[in-house]
Amino acid sequence: PKGDLYKMPKGATVLDFAFAIHSKLGSKCIGAKVNGKNAQLKQTLNSGDQVEVMTSNAQTPKRDWLNIVVTSKARVKIKQALREETAKAVDFAKEMLQRRFKNRKIEMEEAPLMRYIKKKGFKTVTDFYVEIAEERLDPNNVIDEYQEFVRKETETNDRSETRSAGEYITTTE
């Protein structure tokens with residue numbers, strides 16, 4: 001708004017410019033006016049361009065923005081915002097799952113849940129909760145499968161009988 005000059009690297013985009021001004025501005029950027037004409041986030045800037053950044057409070061950084069930006073500041077801020085979003089989604093999903101367990105009066109134990117998550121093929125617990133947050137996994141199905149998993153695990157443990165060491169015969173050669 002003040003007509004300040006910003007020095008940007010060659011190939012810098014509108015999004016890089018928005019992040020150069022302020023990280024919050026970059027995070028909310030939806031487009032810009034370059035020399036009075038509407039421009040997309042990925043448009044590269046040339047020397048002497050006048051840029052007016054347009055924002056929206058509903059906008060949040062997207063993963064594909066990492067392919068658009070060329071400056072390290074913008075890249076770092078986008079990654080940071082994406083991590084924060086993921087952390088919020090994980091907390092939300094974790095709380096929702098715990099609430100559903102409580103509503104169904106089922107005791108959720110951490111150790112069996114971790115074994116269940118591993119059995120389902122998730123590399124990390126975060127991945128599991130992200131799937132729930134993004135509604136690719138239904139919490140009710142998860143609870144049903146968890147109960148089945150715990151039931152089978154308990155049956156397997158009950159079947160393994162205890163034998164005394166006296167039953168084993170050792171052979172020496």
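**Notebook: helix packing, rings and cores**

I started at I132: setting aside neighbours within four places in sequence, I132 is in contact with A93, M96, L97, L137, P139 and V142, where contact means heavy atoms within 4.5 Å. I am working on a predicted model, in which local features need pLDDT of at least 70 and side-chain atom pairs pLDDT 80 or more, while totals for chains, interfaces and linings use all residues. Residues are numbered from 1 along each chain as its sequence is written, and side-chain values use heavy atoms, without hydrogens or water.

**Entry: the cores**

Next I looked up the largest nonpolar core, which has 20 residues. A nonpolar core here is a set of buried Ala, Val, Leu, Ile, Met, Phe, Trp, Tyr and Cys residues joined through side-chain atoms within 4.5 Å; buried means under 20% relative accessible area, exposed over 50%, and partly exposed in between (1.4 Å probe, protein chains only). L97, Y116, F128, Y129 and I132 have the most contacts inside this core. I found that α4, α5 (110-119), α6 and α7 each supply at least two of its residues, and α4 gives the most, with five. Helices are DSSP runs (H or I, at least four residues) numbered from the N terminus. Another core, of 19 residues, lies apart from this one, and A32, L41, A74 and I78 are among its members.

**Entry: α4 against α6**

I then checked how α4 (residues 72-103) meets α6 (residues 125-133): their axes come within 8 Å and cross at roughly 80°. The axes are lines fitted to C-alpha atoms over the stretch in contact, with angles from 0 to 180 degrees between N-to-C directions. That makes α4 roughly perpendicular to α6, a label for angles of 65 to 115 degrees. On the α4 side I noted T86, A89, V90, A93, K94, M96 and L97, and on the α6 side T126, F128, Y129, V130, I132 and A133.

**Entry: aromatic rings**

How many aromatic pairs are there? I get seven, counting rings of Phe, Tyr and Trp (its six-membered ring) with centres within 6.5 Å; planes over 60 degrees apart count as edge-to-face. Y6 and F17 are edge-to-face, 5.5 Å centre to centre with 85° between the planes. Y6 lies in the segment before α1 (14-21) and F17 in helix α1, so the pair ties together parts 11 residues apart in sequence. Y6 is partly exposed at 38% relative accessible area, whereas F17 is buried at 10%.

F101 and Y146 have ring centres 5.2 Å apart and planes at 85°, so this pair is edge-to-face. I place F101 in α4 and Y146 in α7 (residues 139-159), 45 residues apart; both are buried. Ring pairs join F101, Y116, F122, F128, Y129, Y146 and F149 into a cluster.

How values were computed
Parallel < 35°, antiparallel > 145°, perpendicular 65-115°, else oblique. Phe/Tyr/Trp six-rings, centres within 6.5 Å; stacked < 30°, edge-to-face > 60°.
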